[in-house]
Amino acid sequence: MDAATSRPAVVIDNGTGYSKMGFAGNIEPSFIAPTVVAVNESFLNQGRTPSKANWQAQHSAGVMADLDFYIGDEAVAKSRSSSSYNLSYPIRHGQVDNWDAMERFWQQCIFEYLRCDPEDHYFLLTESPMTAPESREYTGEIMFETFNVPGLYIAVQPVLALAAGYTTSKCEMTGVVVDVGDGATSVVPVAEGYVIGSSIKSFPLTGTDVTHFIEQLIRERGEHIPSEDSFEVARKIKETYCYTCSDIVKEYNKYDQEPAKYIKQWKGIKPKTRAPYTCDIGYERFMGPERSTVETLQLLYHLLWISVYNQLQLTPEGLCTRMSFFLEDPLCSKTSIEGCKGT
């Protein structure tokens, strides 16, 4: 029997902000890590020094640059503690932007986090519905030629989200998925497991925009947070303390009447001086999600019906439709919302 068939498949879901990895059959991912890579730039700069006599040192510097890197939370910590490590985000707006960093990220996911032999497992990777075919081909090239995997399947994220939304044995793969991520947001119609590409609608409101808005609110209030650490602090505040409310006026009154109960305090350490600092977290707890929720619902209401019902209209010639009429009820009866950690 093939060793890969007797072992669970490896599942890696790469997103703009976070990546989730684990094994097929588990209830939840084994690891969730930020999609970021920290590379030691000192080795790269040393290797660029033009010197024929020092070719061996240049070669060693290049090898060390390929080995001395970190991913996830460890990469963020390294970049703070040492100026020689620079952060690289391999995925931007749902698309792979740096393939070298992406290959390093996969390498650490497989060998450092999951600690498995890629030759003994099938692999399931995910991609955005707007990913170009060339990107899928390059992903397959890396997986088969670099990691020598026995089998690979690249699934579209909204399709998997739709399948995960069913709790019964019968999985009807037809519906509309609202994919809200850290770098891209889109409304994706799915018909029997296939994405209707001509009907995909996207709008520029993502988890990063919410983080920037919270960062702006804190800055305008005069809190003393180091500029190099402000975005990361805003992101952690969003993930830890933020919530949505039903009545924004009541929330303002609660904070004004009982500030000691609702206002939280964030404690941090300045990256450069290592001196401790604190800041109060007040209205930002509900103002960030409130703004994003209102804008999302307005755009969602518009784009959802535009993306579905406009495709039901006959062409001018009246010979065919862009989306068959029998899909109208299934699409409108099933709506799934997909989002990553930190969105």
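Tyrosine 283 is partly exposed, with a relative accessible area of 32% (partly exposed lies between buried, under 20% relative accessible area, and exposed, over 50%, for a 1.4 Å probe and protein chains only). Tyrosine 283 sits in the loop between β16 (276-281) and α11 (284-309). Helices (H or I, at least four residues) and strands (E, at least two) are DSSP runs, numbered from the N terminus. Leaving aside residues up to four places away in sequence, tyrosine 283 touches Tyr252, Tyr255 and Asp256; contact means heavy atoms within 4.5 Å.

The model is predicted: local features need pLDDT of at least 70, side-chain atom pairs count only at pLDDT 80 or more, and totals for chains, interfaces and linings use all residues. Residues are numbered from 1 along each chain as its sequence is written, and side-chain values use heavy atoms, with hydrogens and water left out.

The protein chain holds 12 helices and 17 strands. Of its 343 residues, 43% are buried. Among contacts with a separation of 6 or more, 62% join residues 24 or more positions apart.

An open sheet of five strands runs in the order β3-β2-β1-β9-β10, with mixed pairing. Two strands pair if DSSP finds at least two bridges between them. β3 and β10 (152-156) are the edge strands, each pairing on one side only. Axes are lines fitted to C-alpha atoms, for helices over the stretch in contact, and angles run from 0 to 180 degrees between N-to-C directions. Helix α6 (residues 157-164) packs on the sheet and touches β1 (10-14), β9 (123-127) and β10. The direction of α6 makes about 80 degrees with that of β10. Four bridges join strand β2 (residues 18-23) to β3 in the antiparallel sense. Lysine 20 stands opposite isoleucine 32 in β3.

In helix α3 (residues 72-81), the buried residues are Gly72, Ala75 and Val76. Seen down the axis of α3, these fall within an arc of 100 degrees, so they line one face of the helix. The arc is that of the directions from the helix axis to the C-beta atoms. Their cover includes β3 (31-34), β4 (37-40), β5 (69-71), β6 (85-88), α4 (99-113) and α8 (230-241).

The second largest pocket has a volume of about 800 Å³. A pocket is an open set of points on a 1 Å grid over the protein atoms alone, where a 1.4 Å probe fits, with protein on both sides within 12 Å along at least five of seven lines; lining residues have an atom within 4 Å of a point. Of the 35 residues lining this pocket, Leu87, Tyr89, Phe231, Glu232 and Arg235 are the closest to its centre. α3, β7 (91-92), α7 (207-220) and α8 each give two or more residues to the lining. The largest share, five residues, comes from α8.

Most residues other than glycine have a negative phi. Asparagine 148 has a positive phi of about 55 degrees. This residue lies in the loop between α5 (133-146) and β10, and is partly exposed at 43% relative accessibility. Glutamate 192 also has a positive phi, of about 50 degrees. Glutamate 192 is in the loop between β12 (185-191) and β13 (194-195), and is exposed, with a relative accessible area of 56%.

Methods: Points joined across faces, edges and corners; volume = space filled by probe spheres on them.
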